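Here are my notes from going through this model, in the order I'd walk you through it at the screen. Have the structure open while you read.

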Amino acid sequence: MTSVDFDDAPVLSEGSPELDAAWVRQLASERYGIAGEMKTLTGERDRNYRLERESDGARFMLKISHPAETALVADFQTQALLHLAATDPGLPVQRIVPTQQGEPSFLCDPGDGLPRVVRLFTYLPGLPLPEAPRTPLQQQNLARMLARLDLALAGFDHPAGDLPLPWDIQRADSVRSLLVHIADAERRALASGALDRFEREAAPLLRMLPAQPIHNDFNIYNVLVDPHDTDRIAAILDFGDMVRAPCIDDLAVAAAYQIGTGEDPLVDIVPFAAAYHAVRPLAPAEVEVLFTMITARLVMVVAISGWRAARYPENAPYLLRNNALSWARLQACERIGARAATEAFRNACGLN
């Protein structure tokens, strides 16, 4: 499998250029007929804006892609959302809002000679999951929602799905070159050991596992809950890291953000995996690699975010928001070990 050269991945290595607010407003007016309040939103790569239509107060999210992201990649995300709208209309995902000419997306040039893909989405209300109280029921509902999403995406395909993506756990070994930027020797050894285990135990099996397009970034910052019932999942956001991969990768990504940092980090992720399994049953081989894929994802978080923050210190708070906790989670996982974790997953899923 082709690895990722991070220095040659401009969508990660180059910051997204700022755009003139007046130009963005004009774009929204001319292509979508929307005039009103505009608020800039945060984003890792793209330029995102919340629009509130003056005439009726309706809200939308305008996304202008990073100039290094190809139209093919953006279309992958667009077509996935259109597929979900047709396959499982009840899923709480954003809907594509077409232009006044009926286009789901279009290319534009703000004047710098760098075309960008523009899309407008419905704006989903809700409370960001990190701001909500956490409960076991909420966590189980989150796992079930991910399983439902994966089932809905199973019949979808797109030529961009096989393109190299830096956040693809299948290519976790690509971040090994970034470990030189980790100053602490103990942390560097911890990350290196997790990658060694990935290459030895998981990578050889991945081609044999069920594969399909997956969300690939089901972290707590991409989920909204109902502010009046915080156990209910109200929205799934940001399909910008989609890739075709073993479906177990989606669960591994999500579980990596559920791990506790106490003496038993499995207390949360084992029920999480079991709740997912109840909706989309896991094959025994998927369970065998799950823990190793989880730790590989954690290494990717600390390696890629740390590398990017060093290059773009102005965006460091956003890029490093998961860094310290991810290190703590890696250390907690190391205390448990892959053998004990896998046995716990087998028991919880009734596969022992």
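## Notes on the model

1. A point to start with: just after helix α11, Gly350 takes a positive phi of about 65 degrees. Keep in mind that what you're looking at is a predicted model.

2. Now step back into α11 itself, residues 338-348. Which residues of α11 are buried? They are Ala338, Ala341, Thr342 and Phe345. These four cover an arc of only 95 degrees around the axis, which puts them on the same side of α11. As for what lies over the buried residues of α11, the cover includes α5 (185-202), α7 (266-279), α8 (284-311) and α10 (323-336).

3. Leaving aside its neighbours within four places in sequence, Phe345 is in contact with Ile269, Val270, Ala273, Val287, Leu290, Phe291 and Ile294. The largest nonpolar core has 89 residues, and Phe345 is one of the four that touch the most other members, along with Leu84, Ile169 and Ile294. The helix that gives the most to this core is α8, with 15 residues. There is also a second, separate core of 18 residues, with Trp23, Leu27, Ile34 and Ile64 among them. As a rule, in soluble globular proteins nonpolar side chains tend to be buried together.

4. Next, the packing of α8 on α10. The two helices pack at an angle of about 150 degrees, with their axes 9 Å apart, and their crossing is left-handed. On the α8 side the contact is made by Phe291, Thr295, Leu298, Val299, Val301, Val302, Ser305 and Gly306. From α10 come Asn323, Ser326, Trp327, Arg329, Leu330 and Cys333.

5. On to Ala80, which sits in helix α3 (residues 71-87). Is Ala80 buried or exposed? Its relative accessible area is 0%, so Ala80 is buried. Setting aside neighbours within four places in sequence, Ala80 is in contact with Leu153, Phe156 and Met242.

6. Now for the strands. An open sheet of three strands runs in the order β7-β9-β10, with antiparallel pairing. Its edge strands are β7 (127-128) and β10 (229-236), each of which pairs on one side only. Two antiparallel bridges link β7 to β9 (residues 223-226): Leu127 has Val225 as its bridge partner, and Pro128 has Leu224. On the other pairing, β9 and β10 are joined antiparallel over four bridges, with Leu224 opposite Ala235. These two strands form a hairpin with two residues between them. Helix α4 (residues 136-153) lies across β9 and β10, running at about 25 degrees to β10.

7. Strands β1 (residues 36-41) and β2 (residues 47-53) run antiparallel and are joined by six bridges; Lys39 is the bridge partner of Arg50 in β2. The pairing of β2 with β3 (residues 59-64) is also antiparallel, over six bridges, and here Tyr49 partners Leu62 of β3. Five residues separate β2 and β3 in their hairpin, and Gly57 in the turn has a positive phi of about 80 degrees.

8. Last, two backbone spots to check. Most residues other than glycine have a negative phi, and most peptide bonds are trans. What is the phi of Asn216? It is near 75 degrees, a positive value in a residue other than glycine. Asn216 is in the loop between β8 (211-214) and β9, and with a relative accessible area of 1% it is buried. Asp238 is not a glycine either, and has a positive phi of about 55 degrees. Asp238 lies in the loop between β10 and β11 (243-246), and at 32% relative accessibility Asp238 counts as partly exposed.

How values were computed. Residues are numbered from 1 along each chain as its sequence is written. This is a predicted model: local features need pLDDT of at least 70, side-chain atom pairs count only at pLDDT 80 or more; totals for chains, interfaces and linings use all residues. Side-chain values use heavy atoms; hydrogens and water are left out. Buried means under 20% relative accessible area, exposed over 50%, partly exposed in between (1.4 Å probe, protein chains only). The arc is that of the directions from the helix axis to the C-beta atoms. Contact means heavy atoms within 4.5 Å. Two strands pair if DSSP finds at least two bridges between them. Axes are lines fitted to C-alpha atoms, for helices over the stretch in contact, and angles run from 0 to 180 degrees between N-to-C directions. A nonpolar core is a set of buried Ala, Val, Leu, Ile, Met, Phe, Trp, Tyr and Cys residues joined through side-chain atoms within 4.5 Å. A crossing is left-handed if the near helix is turned anticlockwise from the far one by less than a right angle, and right-handed if clockwise.
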